[in-house]
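The sequence and the structure are shown first.

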Amino acid sequence: MRSATKAICSLALAGAAAVSSAQPQKSQRAFDVASVKPNKSDDPPHSNFPLNSGDSYTANGGLFSATNFPLVSYIFFAYKLQGNQGLPLVRQLPGWVTTDRFDIQARADGNPTKDQMRLMMRSLLADRFKFLLHTEARESPVLAFVLAKADKTGPQLQPHPANAPCQTAVAPPSAAGPIPDSFQQLVAGDFPALCNSILGLPASVPGRSRLAGRNVSIGFMADLLSQRVDLGRPIVDATRLTGTFDFLLEFTPDSRSLAPSAPPGLSGASDPDGPTFEQALRDQLGLKLERRTSTIEVMVLDHVEHPSEN
């Protein structure tokens, strides 16, 4: 299952909030028309907007078009999943869910938001794949984000200014602007793809990993980092910090703690002079990790099956 988990990782990025109701409701919106077909080609996966847990999305008139993705990518998208909920669910899925690939073409009236598209995808998964799950609250060992110094964050974790524009529409690569090289450039520049999401950036030194986000909550960041770096426990937010933040984090990944779901950018290549993950958290973001026990929402698989022919 570890290799199957790796297979999903650059395709299903994960996301942020717990799902309040895992099952689609009868009144829930659905696509007007939809087609699901298996894809056995070696073509790279492609979709007309990001299948991740962030909010970045360019409205496209209700068209959903994705080719050659495994079912698990559509599940992650539909339920806005990432580390704390995504990885435990993956361990319950049959192998074909992470290996067999599908094309999904669908259309809805109007100009739905990305979250409305997620709800319609849930209905499609329930209809075509008979996909059902539910959530359970369970006591679990966790690593809790707390402030290293009372009432003070680090130099590269700062509140997102209320008057700072932060677009969620994904700009074309030619219009997205330069890649931010420092925290000052990150917060001063216009990087629409970084708003309300967390992305990997080129590191300043080979052998390190760099992550950045704008206008994100600490809880969102904790949940995503649970997917990127495996420390044996999920990471949760216990800082009591409210609002949203901008951050830039660079560290040397440890191949022993690198999550099997970590995207290709987080390699095990080591820069011996770079900070460890926990050192970077403390020095750059002003956060530290405490071992605790906490109640977390866990996704439990009820049923899934191969789709019927269209």
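## A covered helix and the residue after it

Helix H2 is followed by Lys-80, a residue whose phi is positive, near 55°. The structure described here is a predicted model.

The helix itself spans residues 71-79 and is mostly covered, with 9 of its 9 residues buried. These buried residues are Leu-71, Val-72, Ser-73, Tyr-74, Ile-75, Phe-76, Phe-77, Ala-78 and Tyr-79.

## Salt bridges around Glu-250

The structure holds 8 salt bridges. One of them joins Arg-208 to Glu-250, where the closest N and O atoms are 3.6 Å apart. This pair links distant parts of the chain: Arg-208 is in the loop between strand E7 (197-201) and strand E8 (209-216), while Glu-250 is in strand E10, and the two are 42 residues apart.

Glu-250 also takes part in a salt bridge with Arg-210, their side chains meeting at 3.6 Å from N to O. Because Arg-210 lies in strand E8 and Glu-250 in strand E10, the pair ties together parts that are 40 residues apart in sequence. Salt bridges that share partners join Asp-181, Arg-208, Arg-210 and Glu-250 into one network.

Are Arg-210 and Glu-250 buried or exposed? The limit for a buried residue is a relative accessible area under 20%. Arg-210 has a relative accessible area of 8%, and is therefore buried. Glu-250 has a relative accessible area of 10%, so this residue is buried as well.

Which residues does Pro-275 touch, not counting residues up to four places away in sequence? They are Arg-208, Glu-250, Phe-251, Thr-252, Ala-280 and Gln-284. Two of these names, Arg-208 and Glu-250, are the partners of a salt bridge described above.

Pro-275 is found in the loop between strand E10 (245-251) and helix H8 (277-285). Although Pro-275 and Glu-250 are 25 residues apart in sequence, their C-alpha atoms are 7.9 Å apart in space.

## A salt bridge between Asp-127 and Arg-128

Another salt bridge is formed by Arg-128 with Asp-127, and the closest N and O atoms of this pair are 3.3 Å apart.

The accessibility of each partner can be stated in turn. Arg-128 has a relative accessible area of 18% and so counts as buried.

Methods
Residues numbered from 1 in each chain as written. Predicted model: local features only at pLDDT ≥ 70, side-chain atom pairs only at ≥ 80, totals over all residues. Heavy atoms only, no water. Buried < 20%, exposed > 50% of the residue type's maximum accessible area, 1.4 Å probe, protein only. Helix = DSSP H or I, 4+ residues; strand = E, 2+ residues; numbered from the N terminus. Contact = heavy atoms within 4.5 Å. Salt bridge = Lys/Arg side-chain N within 4 Å of Asp/Glu carboxyl O.
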